[in-house]
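Q: Let's go through this one. Start with the terms, then the fold.
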Amino acid sequence: MSTDVPVPRDSAFRYYARKITPQFIDTLPDARSKAVAVHALAVSEQWLQRRLAASAYEGKDQALNLLHECGLLIIRALIYAARADGQFDSLEHGALSVVCSGLCTQYEADGFIDEMLTCEIKVQDLADAVQFEEESLDLYFLSSLIVNGAHFIEQNYLEELAAALHITPSAQHRLDEQAEALLKTALVEHGN
């Protein structure tokens, strides 16, 4: 669903993501981190546009609040997925720092990530915060993208997330395949 809601010239997304340039993303150490960062930031802009279109647009403050709300949900979903196997490595941390910095500059990225690493994982809380079906699909896709997927604990987490988001097994399989294909392409493009 594409919307063209007028956003101030210095939109909320651009306000936060101004420093998240392709050159900055290229400094990330691996293709997975780059893919996660690029897609999470793109998804947040789509969510913002969709949520602004569904509400009575009231200016930049509302856009900033909606972006913050969307950003926190995306970041929580990514951190939960990254934690699913009980480990949180430096590659996952790198991608999440970029996304967190781009979406929630009022938080110090590492501090927010550290805080999220100690909270209980509640996939139903993620599902309850979703407002549109597209957001459910996006959250699942990003979660599939960040996890390795090979570990049974990660697979169990993705199954639980899909159930909470009301994603059918066939849609889940399709999203997993899309995430895998994107990572293969990213590995070829970035050579790692």
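A: Contact here means heavy atoms within 4.5 Å. This is a predicted model, where local features need pLDDT of at least 70, side-chain atom pairs count only at pLDDT 80 or more, and totals for chains, interfaces and linings use all residues. Residues are numbered from 1 along each chain as its sequence is written, and side-chain values use heavy atoms, with hydrogens and water left out.

Q: Among contacts between residues at least 6 apart in sequence, what share join residues at least 24 apart?
A: In this chain that share is 77%.

Q: How many helices and strands?
A: The chain has 10 helices and 0 strands, counted as DSSP runs numbered from the N terminus (helices H or I, at least four residues; strands E, at least two).

Q: How do α3 and α8 cross?
A: The axes of α3 (residues 31-54) and α8 (residues 133-146) come within 10 Å and cross at roughly 170°. α3 is therefore roughly antiparallel to α8, a label for angles over 145 degrees.

Q: Which residues make the contact?
A: Among them are A35, V36, H39 and W47 of α3, and L139, L142 and I146 of α8. By class, the α3 contact with α8 has 9 nonpolar, 2 polar and 6 charged residues.

Q: New topic. Where is D114?
A: D114 sits in helix α6 (residues 109-118).

Q: Is D114 buried, exposed or partly exposed, and why?
A: D114 counts as partly exposed because its relative accessibility is 44%; buried means under 20% relative accessible area, exposed over 50%, partly exposed in between (1.4 Å probe, protein chains only).

Q: And how many of the residues are buried?
A: Of the 192 residues of the chain, 48% are buried.

Technical notes: Axes fitted to C-alpha atoms, helices over the stretch in contact; angles between N-to-C directions. Parallel < 35°, antiparallel > 145°, perpendicular 65-115°, else oblique. Nonpolar A, V, L, I, M, F, W, Y, C, P; charged D, E, K, R; others polar.
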